[in-house]
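Subject: Structure handover

Hello,

Please find the structure below. My notes on what was found in it follow.

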Amino acid sequence: MKIINPIHSNLIERKEEFFSKKPFPHIILDDFLEKKYFSLLEKQISKNNYFKKGKSFNSNLESNKSISLNTNLPDIISNITTVLNSYDWVEVLKSLTGIQTLKSTKVGNTKLANYHEMGTNGFLGSHVDHSTDPSNGLPHVLNIILYLSSEWKENFGGATLLFDKKGKKIISKIKYKKNRAVIFLHTPYSFHGVERLQDNKGLKRKTLYVDYYSESTNPFEKFDLDFPNKWFKHGTTFVLPNSSDYLKAKNWPYTKSLIKYKIEHLKSKL
Ligand SMILES: [Fe+2]
């Protein structure tokens, strides 16, 4: 059975659109999975026992979120990650982005979690992800997020938010809609997050996430972006809503990663 809808098998035609989007290159692919496959998936993930909790988060910046770290994903989900990491799909992404050195990762659902869930009042603050493949240090350059929940209504929130290069101002909001995929260029300036969920009647915001890497340490050099196109190394780094938040003891891990990020940022300009 086909998994990805063949209407998305030739993304070279959308390269210009991808690079024209602000604040950083991205594209929305609706009806991403084949209709039949998505119906099967809907049935399976609506059962209660399909996902054994991996790791949970509940803090100021990562609220009511759980990820599938170190768990076995059901086949109906892992088949999708397999296709998203396949040679053919990576070729499609190469044509969309022009990154000829693009690679999938072998890390899988152990050090990086592919499946995420968010519950009532959940939200995810502005952040950039890890900058390197945990297994080989290659630069992290691209993300795909697939929205899996059915019955989602716009007033539940849960959009993917894309922020300015400092991670402070929302520039673009990609609404949560079932079977929609979002692909975005992941640079040290690609700050993103999740809009707070509200009145979502116990429905979970389910997403699948796969990231891609580049064999070049200067993967964005040919790109004309609204921010420096130099990649640098950093950990997952959050931007807190108010400057005073950095002084709170409970936020120290966030403050520490931001300091490290700022140092690497300065070094990248030398
Ligand atoms: Fe992220």
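Is W252 buried, partly exposed or exposed? At 45% relative accessibility, W252 counts as partly exposed. Please keep in mind that this is a predicted model. W252 belongs to helix 6, which covers residues 252–269. Together with I259 and I263, W252 makes a nonpolar surface patch of about 300 Å².

Iron site

The iron ion has three kinds of entry in its list of protein donors: H127 through NE2, D129 through OD and H192 through NE2, at 2.1 to 2.2 Å. Along the sequence these donor residues follow the spacing H-x1-D-x62-H. H127 sits in strand 5 (residues 115–128) and H192 in strand 10 (residues 192–194), so the two tie together parts that lie 65 residues apart in sequence. Both H127 and H192 are buried.

Strand 3 (residues 62–67) has five of its six residues buried, so the rest of the structure largely encloses it. Strand 2 (residues 55–57) runs antiparallel to strand 3 and is joined to it by three bridges. The two form a hairpin, with four residues between them. S56 has S66 of strand 3 as its bridge partner. Strand 3 is also joined to strand 5, again antiparallel, by five bridges. There, I67 stands opposite H116 of strand 5.

In helix 3 (residues 75–84), the buried residues are I76, I77, S78, I80, T81 and L84. These pack against helix 2 (35–45), helix 4 (87–97), strand 5, strand 6 (140–147) and strand 11.

T207 is part of strand 11, residues 205–214. Its relative accessible area is 6%, and T207 is therefore buried. Leaving aside neighbours within four places in sequence, T207 is in contact with N114, Y115, H116, I145, L146, Y147, L148 and Y176. T207 and Y147 are 60 residues apart in sequence, yet their C-alpha atoms are 4.8 Å apart in space.

Salt bridges

Side chains of opposite charge can pair when their charged atoms come close. The count here comes to 12 salt bridges. Among them is the one between D226 and K22, at 3.0 Å from N to O. This pair links distant parts of the chain, 204 residues apart: D226 is in the loop between strand 11 and strand 12 (237–238), and K22 is in the loop between helix 1 (15–20) and strand 1 (26–29). D226 is partly exposed at 47% relative accessible area, and K22 is partly exposed at 43%.

Another salt bridge joins E215 and K103, whose closest N and O atoms are 3.8 Å apart. E215 lies in the loop between strand 11 and strand 12, and K103 in strand 4 (residues 102–103), so this pair ties together parts 112 residues apart in sequence. E215 is exposed, with a relative accessible area of 52%, whereas K103 is partly exposed at 30%.

E154 and K175 also meet in a salt bridge, at 3.3 Å from N to O. E154 is in the loop between strand 6 and strand 7 (160–163) and K175 in the loop between strand 8 (170–174) and strand 9 (181–185), so the pair ties together parts 21 residues apart in sequence. E154 is exposed at 60% relative accessible area, and K175 is partly exposed at 42%.

Regards

Terms used. Residues numbered from 1 in each chain as written. Predicted model: local features only at pLDDT ≥ 70, side-chain atom pairs only at ≥ 80, totals over all residues. Heavy atoms only, no water. Patch = residues over 30% accessible without salt bridge, like charges linked within 9 Å, V, L, I, M, F, W, Y side chains within 5 Å. Areas by Shrake-Rupley, 256 points an atom, 1.4 Å probe, with all protein chains shown as cover. Salt bridge = Lys/Arg side-chain N within 4 Å of Asp/Glu carboxyl O. Buried < 20%, exposed > 50% of the residue type's maximum accessible area, 1.4 Å probe, protein only. Contact = heavy atoms within 4.5 Å. Donors = N, O, S within 2.8 Å, 3.2 Å for Na, K, Ca; no water. Pairing = 2+ DSSP bridges.
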